[in-house]
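Student: Could you walk me through how to read a few features of a structure, giving the general idea before each case?

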Amino acid sequence: MRKPYVYITRQIPEKLLKPYQNIAEIKTWTYEDQPVDAETLKEEIAHADGMITMLSDKIDEELLEQAKNLKVIANLAVGYDNFELSSIRKRGIVATNTPDVLTNATADLTFALLLATGRRLIEADRFVREGKWKQWSPFLLAGTEMNQKNIGIVGMGRIGEAVARRAKGFGMNILYHNRTRKEQAERELAAMYCSFEELLKESDFVVCLTPLTKETNGLFNEEAFSQMKQSSIFINVSRGAVVDEQALYHALVSGSIRGAGLDVFQHEPVEPNHPLLNLNQVVCLPHIGSASEETREEMIILCLENVTNVLQGREAITPIPY
Ligand code: 8YV
């Protein structure tokens, strides 16, 4: 009997694939420095039994029309806005994601952005390297601190709660907005549920962690930024499309908010001449929320387990919920 064929749209370290090579024939995309091209994706999906994909691979109706044997498709991400789920499901294909394993790494990165923007770390690093440090003065590169400040978390899922726990340790007051109330966070972290508008008005740090959906697309628009405090800092570790980037740029330039920390952009990789990249009060990262060595390994293993489980007739561990 032939082994099932699994295609992975990026390079993966051999040591992680090894335990699964007796179950499936596994092939990965060849180049480390460029994403899989559309033609290869079409050819591979045509005869793959299982696939592991990344956020930048759009898995839509047109592509799925090529799939003849596909039984499972595992996204190397907790988000799955690149999946046209209705097209995947009507073909009986199992779709999976990587929840939980990336919660702590992403919450850490969110906190790194809070500190980097609040305490102006990247500006300060540039200042030293550029030889501008000539003397010490009391307010040289003075930032804003976390203690006693209000953090407003929009999207209180697993990562939101992990950020809230860190915020508690830093002495912050926690506000949140979410589709459902989070009783445990309210009880254990004294997190306060707010409307979106209240949260914008009251928060010193507004943290966006909501998934990208029809409802959240463009949620942070001109009106939203205009309701935030002039001293506030906006952090986005969810999806670029949740933010109207032009509105964010104007809010920053006009001083209607103080700064921003962005791990995600509307179009990724972001163009080097993007206006937001010219602003000193913005810290930009290349979508590395979950990028710790430990977490990326766990995400890859979870994808491989999901795919091989389904191909061997078992349940996926983390199917995307209906
Ligand atoms: C991705 C992410 O894992 O999990 C998500 O939804 O945004 C990241 O952690 C990364 O972009 C690789 O696809």
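Tutor: A crossover is right-handed if, with the strands pointing away from the viewer, the path from the first strand over the helix to the second runs clockwise. Helices (H or I, at least four residues) and strands (E, at least two) are DSSP runs, numbered from the N terminus. This is a predicted model, in which local features need pLDDT of at least 70 and side-chain atom pairs count only at pLDDT 80 or more, while totals for chains, interfaces and linings use all residues. Residues are numbered from 1 along each chain as its sequence is written.

Student: Which elements make a right-handed β-α-β unit here?

Tutor: Strand S6, helix H7 (residues 158–169) and strand S7 make that unit.

Student: How do I read the pairing of S6 and S7?

Tutor: Two strands pair if DSSP finds at least two bridges between them. S6 and S7 (residues 173–177) pair in the parallel sense over five bridges, and Val154 stands opposite His177 in S7. S6 is also joined to strand S9 (residues 205–208) by four bridges, and these two run parallel, with Gly152 opposite Val206 in S9.

Student: Is S6 (residues 150–154) mostly covered or uncovered?

Tutor: A residue is buried if 20 or more other C-beta atoms, placed from the backbone, lie within 10 Å of its own. By that test S6 is mostly covered, five of its five residues being buried; Asn150, Gly152 and Val154 point one way, whereas Ile151 and Ile153 point the other way.

Student: Which residues of helix H12 are buried?

Tutor: Among them are Arg296, Met299, Ile300 and Cys303, in a helix of 19 residues (293–311). H12 is followed by Gly313, whose phi is positive, near 85 degrees.

Definitions and conventions: The expected span of a helix is 1.5 Å times one less than its number of residues. A residue is buried if 20 or more other C-beta atoms lie within 10 Å of its own, exposed if 12 or fewer, and partly exposed in between; C-beta atoms are placed from the backbone.
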